[in-house]
Every structure is written in structure tokens, then in C-alpha cells.
Amino acid sequence: MLHFLAGLPRSGSTVLAAILNQHPLVHVSTTSGLHSLIASTREQIETDPVFQTSTVEQRDKEYVSICRGIINGKYEHVTKPIILDKGRTWPIPRVMKNMEKILGRKMKIVATVRNVPDCIASFVKIAKPENLQSFCVNSPLVGHVQQSYISLHLGFQEDPSCFHFVDYDKLLSDPKTQLKHICEFLELPSYDFDFKNIDASTVKEDDEKAWNIPGLHDVKPVLERQSKLTAKDILRDNYKRFIQARFWFNENEKDLEKPELDISTETAIKGDLVTAKKMVERLHKENPKCDRTAYNMGLFTLMDGKLQEGMAFLDRGRRENVFGNRDIPTPSPMWDGAATGTVLLVLEGGLGDQMHGVRYAKNIADRGCRVVVSCSPELFEIIQEVEGVSAVVCTGTSTCIYHDYWTPSMSVVRPLRYEYKDIKGTPYIPPSRHFNKSNQLTIGLRWQGNPAFEHEQHRIFPPKEFFDAVKIEGVRYISLQRDMGVEHKPGWVEQARLDTWVETKQSIASCDLVISSCTSVAHLAAATGKETWIVTPVLPYYLWALPGDKTPHYDSVTLFRQTKFDYWKDTMKQINKALKAKVKAFNKQKKTIK
């Protein structure tokens, strides 16, 4: 009979496995690759042409039979009748559904759990990182805990009856009761477990080879707490960032006390920027070493017109993986703004960020440098046209190209020592030539970028409200929308050619005006000097931080700002009013020319 052992890393699964192995009927594996074998078998059957000659039903039946053979083969050496296979991925819902078909019954998963910050703190104790902050943000061990929590939560939501939770603290304080409940869940006869003579050899794993951390799964012979230090003592300022609802105790997110920084962020998103700013300033004063708080300070500092100071704050968000990209693996130093030589300008962020960042190639070149630009490959033809760019290479291969220095594009204003007054908003990407000019005012529309970014930055607006606002008699409209969101296009909007960025640039050239949310299309239009109206949420992107409807980054851009969180009607009214004036002026000029 096959059952499963899962749970959160550092929550006692290894010591529990060693204890359960005392039972004469139970064998608990070490960390198993069984699920990987089953998953790869499924992929092979679904992709290998050899299997495609049979029906779906035949393939499913064959798959189940093969997987049962894999399970039997893996554990043919085990003489005990009850097996618990240990693995973190068993609670994933699709895995549970798949295993139900293979087993012919629902899974039974014993899952060890623990307060998430305690799990992270346990990893910190054993890994002994030199930089605690970097470990908490970047360590794959931390990501392992977080992903395991998500999988376990999703699995429990899928089918709570499949789970029996074993809380780490309860296991230590009352192991006899916990083991009794486990035996009942697995329908095992009771057993008098020994908690003072635990045999660690049954769960021994080569931790140094597998994880590069010796002793990761070491088990002491006596079940007892190993340290008096608390997670708060170990994680210090990082403790609150890892707090999650203990759903195994029926906690939910509403039961948790939110960190003040999270509250300040929510306050800013909802449009109360004055209150949010005061909160962040106080938090930063209380803890100036907190990078998360400093990053939040960045936007408010930019709003005050202090570009250098604001970008210095935003740059600290890199250590939290919330700003820009990670540093590239190069031995070359970062450019200081004064040294001459070959500078690698690393374009980062989304495609729009990259289009914006390349504007500074000329500024770097004007200081006596040769500029090599790395960017996403789909932008090559656009980027190579920009003045100051000597060569273009693909992101990820840039370190193979000779360079004396390098600089990340989203922070390049810092070594340039620019303040807002130093930024020139003139076009820098050559526009496409367009010969078939319409006698009607032609407007390009883009109503959505990447949905993940749109929702995350609260900049997505209802398409119908947008179309109702921009539709005016006598105007020609073309769609600059591609991929997701195209299904919203009304019939009165023509579809432009957008297969490549060169084609997109040509389509933009055919427009008199582009109206868009904060997307890569908006950046491209503005960079070519096309009049561009950008719709931005009440909490703006950092490029639009300065108050007002204009921006120093692009002379041709007008910003239409949301006035109230989750409410776009006022903004759409502003656009409609401005557009009516634009159409009137265009028609008046057309009559004058005639």
C-alpha cells in the first residue's frame, strides 16, 4: 500500500520518517524521485510519435499500467507492506489527480508543517550565510520553502480529505499523540514508538552532494528542540516578510497582522499618496537599512523632483528583485560616468523599458565611449538604428562581448549624474517613412500590455470604457494591439500589421496620434516623436513620477492620470474631451489647407 510524506522543508519530515520507520509495517523513503519518473513517463507518452498511433483512452490505460510497474519496480526490495514515498511535489493538485488514476483511490498524504518564518530561520542556521539579506531574497532554499507552501495550500484546497497535517511544535511537545493520529489516518495498528533512540540511518541522505549543505537532513537520536533562538532572533528585520497564514490551523490572510510597509503600499495604490509617503518616510527613518522601505521611498522622492536621490533609493530594490534585472556575471566594473572605453549598456526590464533605456546610448557615447547594447533579440532592428549604438548583442550573451565597463539601463542616469533638467525628451529612434497618409485623423489604439504587469501595476482599464471615450465620428482608428487583448477590438477599428517591431513602427508612422496604456508600443511611439497619450494609474510607474500631464522623458507624451483607484470614468472623460478638441483642430487645419 503506497502513501505519501510531504510538507514544508525544515518542518520535521526527516525525523518523522525516522520515527515512522520503527513501525514493523511501515517503510518511509528518503527524498524520492518517484514523481519525476511518473511525470517524465507522461511527457514521453504525450510527445513521442511512437505512442500517437493509439487512441487517447488506450494511451491513458497504458500510462497507468506503466506507472504501476514503475512503482512496483522502485519498491520491490521493500518487504514492509506500507510504504510512504517522501517528496515535496505530491500535494500539487494535478499530481494528486494523476496519482488517483494510477492508484485507483485517493492519495493519503502525511504533511509536516511549521510556521514559515521558522522554516526559513532553520535554513539560515544550517546554511550560515554571510549576507542574511541576500540569502532571504535570493536563496533557492528560501524559494523552496515558499513554493512548497504554495503547493501544499493548493493541494489542501483541492481535497482536504487527502491530508493529515503534523505540526512541528506539536510533534516536539507531544509526539505520542501525533504518532497515534498518523496511525489512525493511515489505518495502521498502534505502536509504541521510541522518541529517545531514533535511528537516523534509515533516512540518511548525501546532503553535501545533493544540496551542497552538509548535515541538512541529520537527525538527533532524541526528539527535542535543538535551539532556543527564535525565528525573530535569527531573521531580525526579515521576519515579517515571510509570515503566511497557517491554513492547517484554519488561519487565513485576514487573521494576519499586516506589516506597516505593506499597508503603506496598499494606501499608495489606492491613491492616498500623502498618507503613504508619511508612513514610508517614518519607516525609513526608523530603519534606514531596510531595502524594501528604501525602494518605496524612491517613487516619492522622484515625485518631489529629485532624480538622483530617487534613483538611488529605487536601485536598492535590486537587492529585493523588485527593480531592474540581476547583475550580469562579468568581471568588468560598472561604469562611473567618467571613464572612457567600451561600455556595455544592458537594457533591462520589459520591452518598453528597453526601448526607453537605449536613449542613453548617445549620452554615454558623447562622453568618449564606444557603446555596445544588449537587448531582447526581437528589438535588434529597432535598437541598432539609435544614435550612439556601436553594436547590438542578445541578452544573455553580452558577457561574451568585450567591454571595459557595463551599466544597467534603468539606473544609467546615476553615473550620468543627471537630474530631471538634464534629460532631453527629443526623439531618438528614427521613425519609419509613411507615404499613404490618410485625409482623416488616424489614431492608433493600444489598450493592454502584458496582463500580468497590467494587473500587478493596477493599470488595466475596462476596454469598453476606453473605446466609448475615443470613438468619434470622422476619425480613422487602427489597432496596435496584438496577442492577448485583441479579442476586445471593435469592428470599427482596423487591424495594423504588427508581426515584427519594424512593422509596428511602420504602423505607428501611419498614425497622427497613439493612445495607449503604459506599454512598449507607447514607448516606441514616443521615442520616434509621435504624439502619444499614455493612460496611467493613480500610483504611477517610476518614469511618470513627476506630477502633471507632461514628462521630461518624452516631449511628445501627454499623461492622462487616473484620479481614483479602481475608477477610470474621469480619466476617460478627460481623454474624450481632449480628443474632441484634437479632431476639431485637425478638421479646421484640413479646411484651411484646401
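**Exercise 1.** Determine how many residues of helix 1 (residues 13–20) are buried.

*Solution.* Helices (H or I, at least four residues) and strands (E, at least two) are DSSP runs, numbered from the N terminus. Buried means under 20% relative accessible area, exposed over 50%, and partly exposed in between (1.4 Å probe, protein chains only). By this criterion eight of the eight residues of helix 1 are buried, so the helix is largely enclosed by the rest of the structure. The buried residues are S13, T14, V15, L16, A17, A18, I19 and L20.

The model is predicted: local features need pLDDT of at least 70, side-chain atom pairs count only at pLDDT 80 or more, and totals for chains, interfaces and linings use all residues. Residues are numbered from 1 along each chain as its sequence is written, and side-chain values use heavy atoms, with hydrogens and water left out.

**Exercise 2.** Locate N250 and D483, and state the phi and the accessibility of each residue.

*Solution.* Begin with N250, in the loop between helix 11 (231–235) and helix 12 (260–269). Its phi is positive, about 65 degrees, although N250 is not a glycine. N250 counts as exposed because its relative accessibility is 68%.

Next, D483 is found in the loop between strand 11 (475–479) and strand 12 (494–495). D483, likewise not a glycine, has a positive phi of about 60 degrees. Its relative accessibility of 53% is why D483 counts as exposed.

**Exercise 3.** Is S139 buried or exposed?

*Solution.* S139 sits in the loop between helix 6 (132–138) and helix 7 (140–158). With a relative accessible area of 12%, S139 is buried. A polar atom of the S139 side chain lies 3.1 Å from the backbone nitrogen of L141.

Definitions and conventions
A polar contact is a pair of N or O atoms within 3.5 Å; within protein, one must be able to donate a hydrogen and the other to accept it, and residues adjacent in sequence count only if both atoms are side-chain atoms.
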